[in-house]
Amino acid sequence: MLRLIRLTAEYQKQLGEMIDEWKRDQELHHTNRSPQAIFKYDYHDFDAYLAHLDIQHPRDGKVPSTTFFLLDDERNILLGAVSIRHDLNDHLLQYAGHIGDGIRPSERRKGYATKMIGLALDECRKLGLERVLMVCEKDNIASAKSIVRNGGVLENEVADENGVVSQRYWIELR
């Protein structure tokens with residue numbers, strides 16, 4: 001069974017295994033298809049990591065957010081992570097959206113991202129959101145497919161200051 005969990009000490013080992021795998025993949029392929037929230041702090045100091053994972057109150061241009069991890073109960077491993085931003089500021093509206101997600105490299109192309117996004121949308125409904133923006137780089141075809149499978153409708157494409165083109169999808173939650 002797959003489910004979204006909030007991180008607790010029970011999953012410290014699984015978190016380390018997932019992040020170490022992701023970092024090795026990033027060094028090898030020079031890409032980072034993951035929610036930035038899970039890499040901001042060193043997981044080796046687990047208490048500090050937990051304390052900084054979510055944003056409770058708006059500060060320094062950041063909006064409140066909650067990070068969940070996709071757990072495969074049968075194998076007892078973390079498959080990925082999803083960060084849900086409760087609101088949008090100007091930058092998020094243009095380039096990042098409500099949801100940032102990623103699946104660990106060894107578990108990609110198995111349908112987990114589609115499932116995780118669906119579960120994250122349920123959490124968005126609990127927050128009272130009526131529609132959700134998801135953004136992915138244009139060359140990230142797998143992510144775009146997962147978004148569309150969850151009801152995403154392409155609004156437009158935007159380029160950032162480095163010329164990277166992203167696609168902006170809206171998902172209605174009603």
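Let's start with Gly100, which sits in strand E4. Setting aside its neighbours within four places in sequence, Gly100 is in contact with Pro35, Ala81, Val82, Ser83 and Arg85. Keep in mind that this is a predicted model. Is Gly100 buried or exposed? Its relative accessibility is 11%, so Gly100 counts as buried. Asn162 is another matter: Gly100 and Asn162 are 62 residues apart in sequence, and their C-alpha atoms are 20 Å apart in space.

Ser166 is found in strand E7, and leaving aside neighbours within four places in sequence, Ser166 is in contact with Val135, Cys136, Glu137, Lys138, Asn156, Glu157 and Val158. Asn150 lies in the loop between H5 and strand E6 (153–159). Not counting residues up to four places away in sequence, Asn150 touches Thr114, Ile117, Gly118, Leu121 and Ile171. One of these, Ile117, is 33 residues from Asn150 in sequence, yet the two are 7.1 Å apart in space, C-alpha to C-alpha.

| Residue | Relative accessible area | State |
|---|---|---|
| Gly100 | 11% | buried |
| Ser166 | 9% | buried |
| Asn150 | 18% | buried |

Now for the nonpolar cores. The largest one has 26 residues, and Leu4, Leu70, Val82, Ile99 and Val132 touch the most other members. Strand E2 (65–72), strand E3 (77–85), strand E4 (99–103), helix H4 (112–126), strand E5 (131–137), helix H5 (141–149) and strand E7 (165–172) each supply at least two residues of this core. Which element gives the largest share? That's H4, with 8 residues.

Not counting residues up to four places away in sequence, Leu70 touches Leu2, Arg3, Leu4, Ile77, Leu78, Leu79, Gly80, Ile103, Tyr112, Met116 and Leu119. There's also a second, separate core of 16 residues, which includes Leu15, Tyr49, Leu53 and Leu71.

Back to H4 itself. How many of its 15 residues are buried? The count is 11, so H4 is largely enclosed by the rest of the structure. The buried ones are Tyr112, Ala113, Thr114, Met116, Ile117, Gly118, Leu119, Ala120, Leu121, Glu123 and Cys124. Just after H4, Gly128 takes a positive phi of about 90 degrees.

H4 also packs against H5. Their axes come within 9 Å and cross at roughly 45 degrees, which means H4 is oblique to H5. The crossing is right-handed. Ala113, Thr114 and Ile117 on the H4 side meet Ser146, Ile147 and Arg149 on the H5 side.

Finally, there's helix H1, which covers residues 12–29. Its 18 residues should span 26 Å at 1.5 Å a residue, and the 26 Å between its end C-alpha atoms agrees with that. The buried residues of H1 are Gln14, Leu15, Gly16, Met18, Ile19, Glu21, Trp22, Asp25 and Gln26. What covers them? The cover includes helix H2 (46–53), E2, E3 and E4. One of those buried residues, Leu15, also belongs to the second core. And E4 brings us back to where we began, with Gly100.

Terms used. Residues numbered from 1 in each chain as written. Predicted model: local features only at pLDDT ≥ 70, side-chain atom pairs only at ≥ 80, totals over all residues. Heavy atoms only, no water. Core = buried A, V, L, I, M, F, W, Y, C linked by side-chain atoms within 4.5 Å. Buried < 20%, exposed > 50% of the residue type's maximum accessible area, 1.4 Å probe, protein only. Helix = DSSP H or I, 4+ residues; strand = E, 2+ residues; numbered from the N terminus. Contact = heavy atoms within 4.5 Å. Expected span 1.5 Å × (residues − 1). Axes fitted to C-alpha atoms, helices over the stretch in contact; angles between N-to-C directions. Parallel < 35°, antiparallel > 145°, perpendicular 65-115°, else oblique. Left-handed = near helix turned anticlockwise from the far one by under 90°.
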